[in-house]
Amino acid sequence: MRYIIIGAGAVGGAIGGRLHEAGHEVVLVARGAHYAELRDGGLRLRTPDASLTLPIPAADRPEAVELRQDDVLVLAVKTQDTVAALESWAGRPVAGGGTAGERLPLLCAQNGVVNERLALRRFRYVYGVCVWLPAQFLAPGFITAPCAPLTGMLHIGRFPDGTDEVARRVAADLETAYFLAPVAGDVMRWKYAKLLSNLANAVEAITGSASEPGSAELAARARAEGVAVLRAAGIAFASEEEQAALRGERMRMRPVPGGDPAHGSSWQSLRRGAGSIEADYLNGEIVQLGRLHGVERGGAREGRAPGSLAAAELR
């Protein structure tokens, strides 16, 4: 199996880098300066135990990749970029006949819970991946993955539910590459649990921290609202205790030489000047479900620049 990583940022770069390091075929797909660095200097992957330079083949567009029947597409872009990526790849021809949308498995290694539904409009074989993978992408060509001894936990299963041989083969490959990769027939139950965790991303993006007392309180309120909404909607999600028991001591944040302090994906997007964050598909998912199921919520403050509010002002 060859892994085509569509969106080789923090998550995609870490997954692709670890798979390549373990001896699996990988192609990283990126844009702009990041693509140029990957093409010319390889992926620089920093972990607590090593600083690696990995000469992984890179591409900057679908047309630059000749797809094969043994390819697995791993979608790792932010949700706001999902539709454009899907439309770019679904119609690409596959050697031996057919198109990517008809023939190839697509894994949604993304936060949020709408990507799989968007993908199923264009791809026949869609898999959810619940991404528990702290990683940072702040400079072109460089990815930092600060967890050890395992880099992350990636549940994988068919969408909307079930498992199959493809899921098991991918999981087996990931297990060789510093990942815990449970095959889950209820993968969306894990992804809704991750959604609750990701509600703190916007808090960190606005205040600069999700751990300071005021910010932590706000993040806890966001999570409590999310739990209430999911329960009102009748949507199952894995408990924090269930997640912690599975991770155990296998994923611990450790210092990375030359690495930056750990921050979430939304903060990183603002730091890089990406122009957008995922809040509409994380916190916005809870807002939409709350409105559909009659759960009341408070208003937000308007008219202030990102990063300019103190947590106390958001109460």
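User: Which β-α-β unit do S7, helix H5 and S8 make, right-handed or left-handed?

Analyst: A crossover is right-handed if, with the strands pointing away from the viewer, the path from the first strand over the helix to the second runs clockwise. In this predicted model, S7, helix H5 (residues 115-120) and S8 make a right-handed unit. Helices (H or I, at least four residues) and strands (E, at least two) are DSSP runs, numbered from the N terminus. Residues are numbered from 1 along each chain as its sequence is written. Local features need pLDDT of at least 70, side-chain atom pairs count only at pLDDT 80 or more, and totals for chains, interfaces and linings use all residues, while side-chain values use heavy atoms, without hydrogens and water.

User: How many bridges join S7 to S8?

Analyst: Two strands pair if DSSP finds at least two bridges between them. Strand S7 (residues 105-109) and S8 run parallel, joined by 5 bridges; Pro-105 stands opposite Tyr-125 in S8. S8 is also joined to strand S12 (residues 152-158), by 6 bridges in the antiparallel sense, with Tyr-127 opposite Arg-158 in S12.

User: Is strand S8 mostly covered or mostly open?

Analyst: Buried means under 20% relative accessible area, exposed over 50%, partly exposed in between (1.4 Å probe, protein chains only). In S8 (residues 125-132), 7 of its 8 residues are buried, so by that cut-off the strand is mostly covered.

User: In what order do the strands of the open sheet lie?

Analyst: The order is S4-S3-S10-S9, with mixed pairing. Strand S4 (51-54) and strand S9 (136-139) are the edges, each pairing on one side only. S9 pairs with strand S10 (residues 142-144) in the antiparallel sense over 2 bridges.
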